[in-house]
Protein chains: 2
Amino acid sequence: MILALAGGVGGAKLANGLARILSPAELVVAVNTGDDFEHLGLHVSPDLDTVIYTLAGVANPVTGWGRADESWNFMAALGELGGPTWFRLGDRDLAAHVERTRRLAAGETLSQIAAHFCVRLGIRHPVVPMSDQRVSTMVRSNQGWLAFQDYFVRLQCEPQVLEIRFEGIETARPSPGLERTLQRDARLRAVVICPSNPFVSIDPILALRGVGDRLPILKTPIIAVSPIVGGQALKGPARKMLQELGYDPSALGVARHYQNFLDGFVIDRRDAALAPAIEALGVRALVADTIMTGEAEQIALARHVIDFATQLRALR
Amino acid sequence: MILALAGGVGGAKLANGLARILSPAELVVAVNTGDDFEHLGLHVSPDLDTVIYTLAGVANPVTGWGRADESWNFMAALGELGGPTWFRLGDRDLAAHVERTRRLAAGETLSQIAAHFCVRLGIRHPVVPMSDQRVSTMVRSNQGWLAFQDYFVRLQCEPQVLEIRFEGIETARPSPGLERTLQRDARLRAVVICPSNPFVSIDPILALRGVGDRLPILKTPIIAVSPIVGGQALKGPARKMLQELGYDPSALGVARHYQNFLDGFVIDRRDAALAPAIEALGVRALVADTIMTGEAEQIALARHVIDFATQLRALR
């Protein structure tokens, strides 16, 4: 079994590649919920939705979030009525937020709702939230403390990041699906950290008690795929954050961030020259094509990751 | 000044006719909120929205509810996710429910929200809810007690109605706009009861303390327009309810229902033969074209009602 830890777009793509070659019994995708937030009275789970939409084949390939074949009439009418329009919610996408909120109010957990959405959208692989308790990523910036979506969407990652905190992390527990998977260490072929933002997509998952602190003692190899290619983030503020938080703004900076528990690191061909420096950290480096433009590339990268896990197990 | 009491479609049409010929200082439209309900965690105000959309010129002329140029992608996606789809909410229409719910949660009253929506949609005449407190129309039927929208939409008015109750009516107060208008008796030219369902659109307004009990002592004429034409309701279950509740299923039955306070009753040409029986109740009858197929007919009927009010005042 493979446990994939995922954030939004990049995580969703690799998770989809893994799902195309592993059976539903061989893969669990645990998704960041640190950027969940209440908007318009609705519980919005951006990363969970991106992963679910991607695995269901209904993700919007242009925006990287929301649904394909989307319409925006709700948003237009909300603007007419003077409602807040800075966070864009498409008409189809909105259904997930309304239905999730309705089910949460009725006492269901995020895990139960994600499982239900998967069934409805024909996804057979388990997609679980990192936690059923609320964890909120907060960004301390040169403009003070900001809720994540304020920083990310409203201010478009403009403020300088000084510190990141996960509100509620002390009392949050890993979701049952994530907890159960980690406990089956003997059956795990690998933990795969998808190419998502280390600070705001992966760290919230790792910050949960019983997740990050358990990784160094797991018997299974832990492999990350770099979200930084050629010194650039493919999407989002990962590069800018690396720099602002004092890391090298490169795949090497990401490897350093994960080095305490990382066994293998997949970097792009463009970054092949960084391999020796990564290996010097005690982390095996694998060079591959990591830009997943289509499903073929997602599957190819997933195969590299699985083969890499097999090699790393053999080395132990 | 004219105070119009309105429910949904028929009420909205006459209110629109009145608004086209009266200045914003000469008209207050007070709207039934007894069929407001919580759906999908949202506060839905069907009659308020129908009146506001109609006055704003964005009402759906085909369905009689919701907005013109509507799309249904939210509903389709909600169905995919297994959410409840028996109550149809269009993508544009949904914005009103989400924004209303958001503002209610922030502490605004229904009156404030209606006033805000009117400003945003370019409506200059005051449209006020009957009350800012929750009143819920309940229908006792041969299938037991039903919430109004369960009866009206889900069960499509199929059950036999035995009794109607307005939950919360004892503690609800008329909204500030309705209260203020009623207190200006000396300035009122008429109270106009629009052609809406007497039992579930108008009675909830009249059942408010200080509204129905004040009508018989007002100096201004009280005029109703029959929602029944030729023994048929133009829309909705008014005819069926008249019958089930023991009234004559005709304009005469409606006149009898209102007879305690009614000064004048406008009936359709098709019902001219009922005029003597109506006048025998001590209610003046006016025969007119009451079917408002377009704005011209709305304005024409509004003129008849205003002229009728002038005559009735002269008779006092």
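At what angle do helix α1 and helix α12 of chain A pack, and how far apart are their axes? The legends below start there. The model is predicted.

**View 1. Helix α1 packs against helix α12 in chain A.** Residues 9-21 form α1(A), and residues 295-315 form α12(A). The angle between them is about 75°, with the axes 7 Å apart. Angles of 65 to 115 degrees count as roughly perpendicular, so α1(A) and α12(A) are roughly perpendicular to each other.

**View 2. Side by side, these residues make the contact of α1(A) with α12(A).** From α1(A) come Lys13(A), Leu14(A), Asn16(A), Gly17(A), Leu18(A), Arg20(A) and Ile21(A). They meet Glu295(A), Gln298(A), Ile299(A), Leu301(A), Ala302(A), Arg303(A) and Ile306(A) in α12(A). By class, seven residues of this contact are nonpolar, three are polar and four are charged.

**View 3. Chain A meets chain B.** Each chain gives residues to the contact: 27 from chain A and 27 from chain B. The buried area between the chains is about 2400 Å². Carbon and sulfur atoms give 62% of that area. On the chain A side, Asn73(A), Glu80(A) and Leu81(A) lose the most area to chain B. Together they account for 25% of what that side buries.

**View 4. Polar pairs and a salt bridge link chain A and chain B.** Twelve residue pairs are in polar contact between the chains, both residues at pLDDT 80 or more. The count of salt bridges between the chains is two. In one salt bridge, the side chain of Arg67(A) meets that of Glu80(B) at 3.0 Å, N to O.

**View 5. Helices of chain A supply residues to the side that touches chain B.** The elements giving two or more residues are α3 (73-80), α4 (91-105) and α5 (110-120) of chain A. The largest share, nine residues, comes from α4(A). By class, this side of chain A has 13 nonpolar, six polar and eight charged residues.

**View 6. A salt bridge joins Asp150(A) and Arg154(A).** Their side chains meet at 3.1 Å, N to O. Both residues lie in helix α6 (residues 148-154) of chain A, four residues apart, so about one helical turn separates them. Over all chains, the whole structure holds 28 salt bridges.

How values were computed
Residues are numbered from 1 along each chain as its sequence is written. Chains are lettered from A and ligands numbered from 1 in the order in which they are written. This is a predicted model: local features need pLDDT of at least 70, side-chain atom pairs count only at pLDDT 80 or more; totals for chains, interfaces and linings use all residues. Side-chain values use heavy atoms; hydrogens and water are left out. Contact means heavy atoms within 4.5 Å. Buried area is the accessible area (1.4 Å probe) that two parts lose on being put together, summed over both. A salt bridge is a side-chain nitrogen of Lys or Arg within 4 Å of a carboxyl oxygen of Asp or Glu. A polar contact is a pair of N or O atoms within 3.5 Å; within protein, one must be able to donate a hydrogen and the other to accept it, and residues adjacent in sequence count only if both atoms are side-chain atoms. Ala, Val, Leu, Ile, Met, Phe, Trp, Tyr, Cys and Pro count as nonpolar, Asp, Glu, Lys and Arg as charged, and the others, Gly among them, as polar. Axes are lines fitted to C-alpha atoms, for helices over the stretch in contact, and angles run from 0 to 180 degrees between N-to-C directions. Angles under 35 degrees count as roughly parallel, over 145 as roughly antiparallel, 65 to 115 as roughly perpendicular and the rest as oblique.
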